[in-house]
Amino acid sequence: RYAARSNGVDAEDIEDRYRRESGVRVGLMDHIYVVDKTRLSIDDMLAIIAKEAAAKMGEPPPLILIDYMGLMACSGSKSRYERVSQIAEDSKTLAKETNAVVISACQTKRTEEGIPTMHDARDSGAIEEASDLLIGVGRKGMDMEMEILKGRKGGQGLNIKATFHGPTLRITEQPVGYGEMPHPASGGGK
């Protein structure tokens, strides 16, 4: 995704090249360490950060992205609810122990209403509880909308409209007022 976005190349082309050539060299990526394994626990992640990522990057990463909480491992939990709750709490611990920002993606209930609400995270209310910042994202075609659902340091309710370009996975913020019809009471429309 980063390679497609930063080079303006279709993501499918990058993926095809990666599969054919067993890897793609993309400039300006020395600051990124990608782990493409599933079912990692927080302890596994701490070990990878300490040994591999810090060695490649020269220092521990200041930002950790978890592309989908549902693919992480958790010991001792029986139900999916308990597992996701533990992963949410462990992610908070990961942030504190590494002094890094941890961004996790999670599945939400499907909704026709656009942006999911704070309580739409699937399988656990602990996601909302453990999060310092919670952003809901909704998309219809190329139109995307994001809203800060929870912000421990403010910003709750801030809404950002953007355009999503699928082939390059680029998200571009729309200027304020873009695509909006003037309100009849303002005298700007019929």
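Met 118 is situated in the loop that connects strand S2 (101-104) with helix H5 (126-130); helices (H or I, at least four residues) and strands (E, at least two) are DSSP runs, numbered from the N terminus. The structure is a predicted model, in which local features need pLDDT of at least 70 and side-chain atom pairs count only at pLDDT 80 or more, while totals for chains, interfaces and linings use all residues. Residues are numbered from 1 along each chain as its sequence is written, and side-chain values use heavy atoms, with hydrogens and water left out.

Apart from neighbours within four places in sequence, Met 118 contacts Glu 128, Leu 134, Leu 149, Lys 150 and Gln 156, contact meaning heavy atoms within 4.5 Å. A distance of 9.2 Å separates the C-alpha atoms of Met 118 and Ile 148, which are 30 residues apart along the chain.

The axes of helix H3 (residues 42-57) and helix H4 (residues 80-98) come within 10 Å and cross at roughly 25°. Axes are lines fitted to C-alpha atoms, for helices over the stretch in contact, and angles run from 0 to 180 degrees between N-to-C directions. H3 and H4 are therefore roughly parallel to each other, a term for angles under 35 degrees. From H3, the contact involves Ile 42, Met 45, Leu 46 and Ile 49, and from H4, Asp 90, Ser 91, Leu 94, Glu 97 and Thr 98. These contact residues comprise 5 nonpolar, 2 polar and 2 charged, where Ala, Val, Leu, Ile, Met, Phe, Trp, Tyr, Cys and Pro count as nonpolar, Asp, Glu, Lys and Arg as charged, and the others, Gly among them, as polar.

Methods. Parallel < 35°, antiparallel > 145°, perpendicular 65-115°, else oblique.
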